[in-house]
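Please read the report below alongside the sequence and the 3D view.

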Amino acid sequence: MRIIAASPVFQKLDAVGAAQLATNLEPRQIPPGEVIVAAGADPQALYFIGHGQVEYVSDETKTICDDGDFFGARALMTGERTAFVATATAPSTLLRLPADDFRRLCRLLPTFREVMAEAAAADGAEPADFRL
């Protein structure tokens, strides 16, 4: 699948880790305009964009995410409610990693946890707030 080649997460994992991650992903087809994650929601999943485009709005920052990008790491790493809205702006194929699987893979795969910690920190989270 193209997401494996495009995503920096998969690129940093060894073959075994990438396979463990891939087997836990749930594909979802999302139509344009559908809200994927609403602000203030409990963290439910990490989302990879396999194909398509998602608008990610956090505070007053708007980012367009596309193939290979992912979102949701900060809320999952900290356990905080989501501080963003993610909406599909084009027909999109997302790969969803449920929260329980996210936490389990963070325990099993140190490289995965490092990449998620880096993403959460880049999104403004403090490492002291990580709950994994």
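Is T87 buried or exposed? T87 is buried, because its relative accessible area is 17%. Buried means under 20% relative accessible area, exposed means over 50%, and partly exposed lies in between (1.4 Å probe, protein chains only).

This is a predicted model, in which local features need pLDDT of at least 70, side-chain atom pairs count only at pLDDT 80 or more, and totals for chains, interfaces and linings use all residues. Residues are numbered from 1 along each chain as its sequence is written, and side-chain values use heavy atoms, with hydrogens and water left out.

**T87 and its strand**

T87 sits in strand 7, residues 84-88. Helices (H or I, at least four residues) and strands (E, at least two) are DSSP runs, numbered from the N terminus. Strand 7 is mostly covered, with 4 of its 5 residues buried. Set aside the neighbours of T87 within four places in sequence. T87 then contacts G33, E34, V35, I36, Q53, V54 and E55. Contact means heavy atoms within 4.5 Å.

Strand 7 has pairings with strand 2 and with strand 4. Two strands pair if DSSP finds at least two bridges between them. Strand 2 (residues 35-37) runs antiparallel to strand 7, with 2 bridges. Here T87 is the bridge partner of V35.

An open sheet of 4 strands has the order 1-8-3-6, with antiparallel pairing. Strand 1 (26-30) and strand 6 (70-71) stand at the edges. Each has a single partner strand, so one side of each is left without a neighbour in the sheet. Strand 3 (residues 45-51) is mostly covered: 6 of its 7 residues are buried. In a regular strand the side chains alternate between the two faces of the sheet.

| Strands | Bridges | Residue pair |
|---|---|---|
| Strand 1 and strand 8 | 5 bridges | R28 and L94 |
| Strand 3 and strand 8 | 6 bridges | F48 and L95 |
| Strand 3 and strand 6 | 2 bridges | Y47 and F71 |

Where is N24 found? N24 lies in the loop between helix 3 (15-23) and strand 1. N24 is buried, with a relative accessible area of 15%. Leaving aside neighbours within four places in sequence, its contacts are R96, L97, P98, D101, R104 and L105. N24 and F102 are 78 residues apart in sequence, yet their C-alpha atoms are 8.8 Å apart.

G124 belongs to the segment after helix 6 (110-122). G124 counts as partly exposed, because its relative accessibility is 44%. The C-alpha atoms of G124 and R74 are separated by 8.0 Å, although the two residues are 50 apart along the chain.

**The whole chain**

How many helices and strands are there in the chain? The chain has 6 helices and 8 strands. Their pattern along the sequence is α-α-α-β-β-β-β-β-β-α-β-β-α-α. The radius of gyration is 14 Å, close to the 14 Å that the globule rule gives for 132 residues, so the chain is as compact as a globular protein of that length. This radius is taken over C-alpha atoms, and the rule is 2.2 Å times the number of residues to the power 0.38. The C-alpha trace spans about 35 × 35 × 20 Å along its principal axes.

Of the 132 residues in the chain, 45% are buried. Among contacts with a separation of 6 or more, 74% come from residues 24 or more positions apart. The accessible surface comes to about 6700 Å². Carbon and sulfur atoms account for 51% of that surface. Accessible areas come from the Shrake-Rupley method with a 1.4 Å probe, and for residues only the protein chains shown count as cover.
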